Amino acid sequence: MKTIVVKVGSSTVADDQLHLRRRLLAGLAADISELTHSGRRVVLVSSGAIACGQHVLGVTERPRYVPALQAASAVGQGRLFAHYARLFADHEITIAQVLLTSEDFARRNSYVNARNTLRRLLDGAWCLS
């Protein structure tokens, strides 16, 4: 079975004032849920953690340095995931978050573990032993 990958960027997730585009994200969740309930496999790849963190922290300009970017992302990621979790729960879909970096693709062992995790999630193999 093929997998549909939906990628949304920061400008889709948040507006110019760094507020989440709640109505747009709700529509996206509804569309993805419809696909999922019809038997399709869907992966949502979402940016927006930094923008969400900026909003929470009251930072208007995007940080330029890695520590500041990571701090904004660390604050925003949990909030963004929680928002997605609520949206998809409305459609009786349990979601998962997998955070990957380029290192996960550069090292064979990390790549294999990430691939197997994604396969298990997509196949609905929920046995966690």
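Reader: Let's start with His 83: is this residue buried or exposed?
Author: You are looking at a predicted model, where local features need pLDDT of at least 70, side-chain atom pairs count only at pLDDT 80 or more, and totals for chains, interfaces and linings use all residues. Residues are numbered from 1 along each chain as its sequence is written, and side-chain values use heavy atoms, with hydrogens and water left out. Buried means under 20% relative accessible area, exposed means over 50%, and partly exposed lies in between (1.4 Å probe, protein chains only). His 83 has a relative accessible area of 6%, so this residue is buried.

Reader: Which element holds His 83?
Author: Helices (H or I, at least four residues) and strands (E, at least two) are DSSP runs, and they are numbered from the N terminus. By that numbering, His 83 sits in helix 4.

Reader: How many helices and strands does the protein chain have, and in what order do the elements run?
Author: The protein chain has six helices and two strands. Read from the N terminus on, the order is β-α-α-β-α-α-α-α.

Reader: What percentage of the residues in the protein chain is buried?
Author: The protein chain has 129 residues, and its C-alpha atoms fill a box of roughly 40 × 35 × 25 Å along the principal axes. Among those residues, the buried share is 26%.

Reader: What separation do the C-alpha atoms of His 83 and Ala 26 have?
Author: Along the chain, these two residues are 57 residues apart.

Reader: At what angle do helix 2 and helix 4 pack?
Author: Axes here are lines fitted to C-alpha atoms, for helices over the stretch in contact, and angles run from 0 to 180 degrees between N-to-C directions. The axes of helix 2 (residues 22-37) and helix 4 are 9 Å apart. The angle between the two helices is about 50 degrees.

Reader: What word describes how helix 2 and helix 4 lie to each other?
Author: Angles under 35 degrees count as roughly parallel, over 145 as roughly antiparallel, 65 to 115 as roughly perpendicular, and the rest as oblique. Helix 2 and helix 4 pack at about 50 degrees. Their relation is therefore oblique.

Reader: Is the crossing of helix 2 and helix 4 left-handed or right-handed?
Author: If the near helix is turned clockwise from the far one by less than a right angle, the crossing is right-handed, and if anticlockwise, left-handed. Where helix 2 passes helix 4, the crossing is right-handed.

Reader: Which residue forms a salt bridge with Asp 123?
Author: A salt bridge is a side-chain nitrogen of Lys or Arg within 4 Å of a carboxyl oxygen of Asp or Glu, and the whole structure has two of them. For exposed Asp 123, at 53% relative accessible area, the closest N and O atoms are 2.9 Å from each other, and the partner is Arg 41.

Reader: Why does that pair tie together parts that are apart in sequence?
Author: Asp 123 lies in helix 6 (residues 108-123), while Arg 41 lies in strand 2 (residues 41-46). The pair therefore joins parts whose separation in sequence is 82 residues.

Reader: What is the phi of Leu 18?
Author: Most residues other than glycine have a negative phi. Leu 18 lies in the loop between helix 1 (10-13) and helix 2, and at 16% relative accessibility it counts as buried. Although Leu 18 is not a glycine, its phi is positive, at about 70 degrees.

Reader: And what is the phi of Glu 92?
Author: Glu 92 is in the loop between helix 4 and helix 5, and it is exposed, with a relative accessible area of 72%. Glu 92 is not a glycine, yet its phi is positive, at about 60 degrees.
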